[in-house]
Amino acid sequence: MGNDMNINIMIPVLNEEKSLLEKIYILTDYLNSTELKEKYRITIIDNGSNDKTPQLCMRLSERLEGIVYFIRLEHRGVGLALRAGIKNNPFDIVGYMDLDLATDIRHLRQVYREFADKGQNIVVGSRLLKGSRVIGRSGFRNFTSKSLNMILKFYLKVNFTDAMCGFKFYKKDIAEKLLQECSSNNGWFYCAEMLIRSEWLGIAIKEIPVRWTDDPDSKVKAGNLILSYLKEIGKLHKERRYKL
């Protein structure tokens, strides 16, 4: 462990031509002003966009060669994007965050220190820990998030507090191991499944409280997300009962 570690920040995108350039330049400008300069890469993974997003991603990878890496997928799904990113990851630390930068980007320095100085295997953000600050989130979204996390705890016997926060990072070998353990789910639940499998394997998860600002233009449909989560939770519950 130590300061020679490097970090690969994956960002799945879908039809983000309006905000892509602005957000990526905000992120790179910030990282270049910190001790993470020359220790990071941003991997943008396009999930079948049908606007100008792929062309903009290509332009970024050319302008910021060595900093921005671009993977194009023809099919949609965050789970699919994460698997592609991990399979193509050469860095010591790999994880993902959302393009809207809802999680304060200053937490990236904290994540890096948790790995480099403290030897953590997994570091994830939580909006539900003491010290977290959530800004602009509707009561409905807050309720559904807490409810789904309670269901996870009850049915799948896990201890982490926030399965859905889009800010999760892994040591390279841990991420690769989880690829072998997890399902082929292509949706958002894959993000939670990686944490669930980690706990079942006895791999420690370090949660950090984060400052998180809601994106009013989020493309995530809460109703569909809830249904997909409940379906996948049911599958894992049956799997766990069978193994026990």
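Colleague: Which residue in β7 is the bridge partner of Ile 93?
Modeller: Lys 171 is the partner of Ile 93. Keep in mind that this is a predicted model.

Colleague: How many bridges join β4 to β7, and do they run parallel or antiparallel?
Modeller: Five bridges join them, and the two strands run antiparallel.

Colleague: What is the strand order in the sheet?
Modeller: The order is β3-β2-β1-β4-β7-β5-β8, in an open sheet of seven strands with mixed pairing. At the edges are β3 (68-73) and β8 (206-209), each pairing on one side only. On average, neighbouring strands are turned by 20° against each other, direction ignored.

Colleague: Which strands does helix α7 lie across?
Modeller: Helix α7 (residues 189-200) lies across β4, β5 and β7, at about 45° to β7. Helix α1 (residues 20-32) lies across β1, β2, β3 and β4, and runs at about 165° to β2.

Colleague: Changing topic: at what angle do α3 and α6 cross?
Modeller: Their axes cross at roughly 130° and come within 10 Å. That makes α3 oblique to α6. The crossing is left-handed.

Colleague: Which residues meet there?
Modeller: From α3, Arg 83, Ile 86 and Lys 87; from α6, Ala 175, Glu 176 and Leu 179. These contact residues divide into three nonpolar, three charged and no polar.

Colleague: Last one: is Thr 103 buried or exposed?
Modeller: Thr 103 is buried, because its relative accessible area is 3%. Thr 103 sits in the loop between β4 and α4. Beyond its neighbours within four places in sequence, its contacts include Met 97, Phe 167 and Trp 212.

Conventions:
Residues numbered from 1 in each chain as written. Predicted model: local features only at pLDDT ≥ 70, side-chain atom pairs only at ≥ 80, totals over all residues. Heavy atoms only, no water. Axes fitted to C-alpha atoms, helices over the stretch in contact; angles between N-to-C directions. Helix = DSSP H or I, 4+ residues; strand = E, 2+ residues; numbered from the N terminus. Parallel < 35°, antiparallel > 145°, perpendicular 65-115°, else oblique. Left-handed = near helix turned anticlockwise from the far one by under 90°. Contact = heavy atoms within 4.5 Å. Nonpolar A, V, L, I, M, F, W, Y, C, P; charged D, E, K, R; others polar. Buried < 20%, exposed > 50% of the residue type's maximum accessible area, 1.4 Å probe, protein only. Pairing = 2+ DSSP bridges.
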